[in-house]
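Open your viewer and get ready to select a few pieces in turn. Each stop says what to pick and what is there.

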Amino acid sequence: MADVLVLDQIRKSYNVGTPVEVEVLHGIDLAIRPGEFVALMGPSGSGKSTLLNIIGLLDRPASGRLLINGEDTTDLPDAALTKLRGHTIGFVFQYHYLISAFTAAENVMMPMLVDRGHPDRQMEERAAELLDRVGLGKWRDNRATNMSGGQQQRVAVARALAMDPTLVLADEPTGNLDTASANAVFELMRQINRERSTTFLIVTHNMDLARQCDRIVEVVDGRITPARQPPG
Ligand SMILES: Nc1ncnc2c1ncn2[C@@H]1O[C@H](COP(=O)(O)OP(=O)(O)OP(=O)(O)O)[C@@H](O)[C@H]1O
């Protein structure tokens, strides 16, 4: 089976006032296999979010190749990138970004609504199944605003899974939560990874959580440091 993700010499610069370009990713090589649960760590400003945006097809690298499920995305037009993103990648952010006027179920349906063409019944059943899975079946018709931070983040995890993605990208998904809620959200993602073989790449500053991952990838100054196993 093809690697879920292959990065080959990915470089990225930001324009910080013409003509000044500052390179923040200096040739990143990375491969992630199907079903891996990987922590992405590194100091503030090292380039983790920049890298995640490129992997999530939200931003393009200046040079280098990015393959998702064996497909080279380098020369794909924007519309094809949007479609590939919608069908293969789920996102969880530090802030949940739920729509407060919508119910939990409606929020989970959002990726399917955006993708268009999914019958209502199918979307409702999928949302119900996923909310059950994250332990919030009874909260289906509650507005997102009436839920706790941990519950909101579990709805966000359910929403990330709506399109049955191969890869979930999570940018500090537990950063805003108290320790108990953070552990619960992390454990939920770990269980989903084991049950469904969904691949996860999780940015975290939390070493306790990172050491429960299969592997830690560390970015320092826009470069990946040599691989290391989570300390036992
Ligand atoms: N839009 C932008 N324009 C210019 N510089 C940027 C932009 N976005 C990020 N940078 C710079 O790129 C570098 C990497 O930033 P990035 O946000 O990827 O780091 P990070 O590792 O995710 O940090 P943190 O852990 O604080 O979120 C930093 O020096 C940052 O200032």
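A crossing of two helices is left-handed if the near helix is turned anticlockwise from the far one by less than a right angle, and right-handed if clockwise. Helices here are DSSP runs (H or I, at least four residues), numbered from the N terminus.

This is a predicted model: local features need pLDDT of at least 70, side-chain atom pairs count only at pLDDT 80 or more, and totals for chains, interfaces and linings use all residues. Residues are numbered from 1 along each chain as its sequence is written.

**Stop one: the ligand**

Select the ligand. Which residues surround the ligand? They are Tyr14, Val16, Val24, Gly42, Ser44, Gly45, Ser46, Gly47, Lys48, Ser49 and Thr50. Now select helix α1, residues 48-55. The largest share of the shell, three residues, comes from α1. By class, the shell has three nonpolar, seven polar and one charged. (Ala, Val, Leu, Ile, Met, Phe, Trp, Tyr, Cys and Pro count as nonpolar, Asp, Glu, Lys and Arg as charged, and the others, Gly among them, as polar.)

**Stop two: helix α3**

Select residues 104-115, helix α3. Its buried residues are Ala104, Ala105, Glu106, Asn107, Val108, Met109, Pro111 and Met112. Buried means that 20 or more other C-beta atoms lie within 10 Å of a residue's own, with C-beta atoms placed from the backbone. These residues pack against α2 (78-88), α4 (120-133) and α5 (149-160). Then pick arginine 116, which follows α3 and has a positive phi, near 65°.

**Stop three: α3 against α4**

Show α3 and α4 together. They pack at an angle of about 120°, with their axes 9 Å apart. (Axes are lines fitted to C-alpha atoms, for helices over the stretch in contact, and angles run from 0 to 180 degrees between N-to-C directions.) That angle makes α3 oblique to α4. Angles under 35 degrees count as roughly parallel, over 145 as roughly antiparallel, 65 to 115 as roughly perpendicular and the rest as oblique. Is the crossing of α3 and α4 left-handed or right-handed? It is right-handed. The contact has 10 nonpolar, no polar and two charged residues.

**Stop four: α5 against α6**

Select α5 and helix α6, residues 179-196. Their axes come within 9 Å and cross at roughly 15°. So α5 is roughly parallel to α6. This crossing is right-handed.

Conventions
A residue is buried if 20 or more other C-beta atoms lie within 10 Å of its own, exposed if 12 or fewer, and partly exposed in between; C-beta atoms are placed from the backbone. Helices (H or I, at least four residues) and strands (E, at least two) are DSSP runs, numbered from the N terminus. Two residues are in contact if their C-beta atoms, placed from the backbone, lie within 7 Å. A residue is near a molecule or strand if its C-beta atom, placed from the backbone, lies within 6 Å of it.
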